[in-house]
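Hi everyone, thanks for coming.

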Amino acid sequence: MSTVITFGTFDVLHIGHINILQRAREYGDKLIVGVSSDALNFSKKQRNPVYPEMERKAIISSLKFVDEVFIEESLELKAEYIKKYNADVLIMGNDWEGRFDCYNNICEVKYLPRTDGISTTELIAMIKKYN
Ligand code: C2G
């Protein structure tokens, strides 16, 4: 039984998020997702997410290829989360290429290609134009 772990904000869920989660699940038997807390997201992107953390967690938990979800409180706690959930593989989109190679000693680290042409930031900008 092998376990895959991945992390992300997953705000305003879109097809890029679905694609990466679905592909991540194919690398193991179980998929664990760390959803960034509102505070972590603010520190990364200097804005609050559209959906609060408990809603983002509930949305990701409802996906059929996701087995367990927790709130990721800090980028620096990755090693702790990997060990806690006994993850064999860490998967991230290739916008993070190389950034998590330091965890290679505790699990396999893989970066999958991002889905082109869509992002939460672009969606927010597009929705704003309608107002
Ligand atoms: N993603 C993708 N294609 C897109 C948009 C996003 O494959 N068009 C992937 C990202 O590469 C990431 C995941 O979807 O692996 C979640 O993306 P975000 O919600 O933007 O997450 P991010 O803010 O990058 O948080 O600890 C790591 C961070 O928490 C990652």
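**The ligand and its surroundings**

The ligand takes up the space of the largest pocket. By pocket I mean, on a 1 Å grid over the protein atoms alone, an open set of points with protein on both sides within 12 Å along at least five of seven lines. Before we go on: this is a predicted model, where local features need pLDDT of at least 70, side-chain atom pairs count only at pLDDT 80 or more, and totals for chains, interfaces and linings use all residues. Residues are numbered from 1 along each chain as its sequence is written, and side-chain values use heavy atoms, with hydrogens and water left out.

So, who surrounds the ligand? There are 21 residues around it, and Lys 45, Glu 72, Lys 78, Asp 95 and Ile 118 come nearest; being near takes a heavy atom within 4 Å. By class, that shell has 7 nonpolar, 8 polar and 6 charged residues. Helix α1 gives the largest share, 3 residues.

Now the polar contacts, meaning pairs of N or O atoms within 3.5 Å. The side chain of Glu 72 has an N or O atom 2.8 Å from a ligand oxygen, and the side chain of Trp 96 likewise places one 2.8 Å from an oxygen of the ligand. At Thr 115, a backbone N or O atom is 2.8 Å from a ligand nitrogen.

Finally, Asp 67 and Arg 25 form a salt bridge, with their closest N and O atoms 3.6 Å apart; the cut-off is a Lys or Arg side-chain nitrogen within 4 Å of an Asp or Glu carboxyl oxygen.

Note on methods: A polar contact is a pair of N or O atoms within 3.5 Å; within protein, one must be able to donate a hydrogen and the other to accept it, and residues adjacent in sequence count only if both atoms are side-chain atoms. On a 1 Å grid over the protein atoms alone, a cavity is a set of points where a 1.4 Å probe fits but cannot get out, and a pocket is an open set with protein on both sides within 12 Å along at least five of seven lines; lining residues have an atom within 4 Å of a point. A molecule sits in a cavity or pocket if more than half of its atoms lie within 2 Å of its grid points. Helices (H or I, at least four residues) and strands (E, at least two) are DSSP runs, numbered from the N terminus. Ala, Val, Leu, Ile, Met, Phe, Trp, Tyr, Cys and Pro count as nonpolar, Asp, Glu, Lys and Arg as charged, and the others, Gly among them, as polar.
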